[in-house]
Amino acid sequence: MTTNVLILCTHNSARSVLGEAMLNHLAQAMGKDVRAYSAGSSPKGQVNPFALQVLNAAGISTEGVRSKSWDEFAQPTAPTMHIVITVCDSAAAETCPFWPGAPVKIHWGFPDPSNAQGGDEAKRTAFDVTRQAIGYKLLQLLALPLNTLKPAELQAALNAIARS
C-alpha cells in the first residue's frame, strides 16, 4: 500500500514544494512505496524560482511540481492521505479542511527561505539549506516501517522526528 504524504505551507511555493520533490526523489531512490504531494491554503500560483533552482542543482526532478490549493486534496476523488505535514508556522495555525482517511498530522517548522536577506546567491543558499533540513527529516520518515505502524505509533515517531 502506498503511503501518501501531503506537505502543506500557506503559499505552496517554497518549503512545501521542496518537501514534495525531495520526498518523492528519496522514496524512489530508496525503493519506498511513498508518494508526496504539496499544497497551500492560499497558493501563490507559481513555484519560487529559487526552489526550482536548488532542486535541479541537487539532481531532483521538478517535473509536475506546481503551486496548488489544499482544496484539491479534500475532495472525495483525491488520494487518501496517511500523513499531513505542515512546514510553516502560519499553515500549522490554520484550520485545515477535513482530510478523508483521518491522516496523522505533524508540524515540522522551517524558516521561510524566501525571506533571506541579500542577493540571489544568499537566497539560493537559504533555499538549499532549507532543502537539506527538510530532506534530513524526510530521510528519518522513510526509515520508519510505515506499513506496520499503528496511527498512535506513527504519531509518536513523527513527533520524535520533529524534535530531531
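Me: In which hand does α1 pass α4?

Reply: In this predicted model, α1 passes α4 in a right-handed crossing.

Me: What describes two packed helices, beyond the hand of the crossing?

Reply: Two packed helices are described by the angle between their axes and by the distance between those axes. Here the axes of α1, residues 15-30, and α4, residues 120-142, come within 9 Å and cross at roughly 45 degrees, which makes α1 oblique to α4.

Me: Which residues make the contact of α1 with α4?

Reply: On the side of α1, the contact is made by Arg15, Leu18, Gly19, Met22, Leu23, Leu26, Ala27 and Met30, and α4 brings Phe127, Thr130, Arg131, Ile134, Gly135, Leu138, Leu139, Leu141 and Leu142. Sorted by class, the residues of this contact of α1 with α4 divide into 12 nonpolar, three polar and two charged.

Me: How do α4 and α5 cross, and at what angle?

Reply: The axes of α4 and α5, the latter spanning residues 151-163, come within 10 Å and cross at roughly 155 degrees. Angles over 145 degrees count as roughly antiparallel, and α4 and α5 are therefore roughly antiparallel to each other. Their crossing is right-handed, and the contact is made by Lys137, Gln140 and Leu141 of α4 together with Leu158, Ile161 and Ala162 of α5. By class, this contact of α4 with α5 has four nonpolar residues, one polar residue and one charged residue.

Me: Turning to the strands, in what order do they stand in the sheet?

Reply: Four strands form an open sheet, and reading across it gives the order β2-β1-β3-β4, with parallel pairing. β2 (34-39) and β4 (104-107) stand at the edges, where each has a single partner strand, so one side of each is left without a neighbour in the sheet. Neighbouring strands of this sheet are turned against each other by 20 degrees on average, when direction is ignored.

Me: How many bridges join β1 to β3?

Reply: Four bridges join β1, residues 3-8, to β3, residues 83-86, and these two strands run parallel. Within this part of the sheet, Leu8 stands opposite Thr86 in β3.

Notes:
Residues are numbered from 1 along each chain as its sequence is written. This is a predicted model: local features need pLDDT of at least 70, side-chain atom pairs count only at pLDDT 80 or more; totals for chains, interfaces and linings use all residues. Side-chain values use heavy atoms; hydrogens and water are left out. Axes are lines fitted to C-alpha atoms, for helices over the stretch in contact, and angles run from 0 to 180 degrees between N-to-C directions. Angles under 35 degrees count as roughly parallel, over 145 as roughly antiparallel, 65 to 115 as roughly perpendicular and the rest as oblique. A crossing is left-handed if the near helix is turned anticlockwise from the far one by less than a right angle, and right-handed if clockwise. Contact means heavy atoms within 4.5 Å. Ala, Val, Leu, Ile, Met, Phe, Trp, Tyr, Cys and Pro count as nonpolar, Asp, Glu, Lys and Arg as charged, and the others, Gly among them, as polar. Two strands pair if DSSP finds at least two bridges between them.
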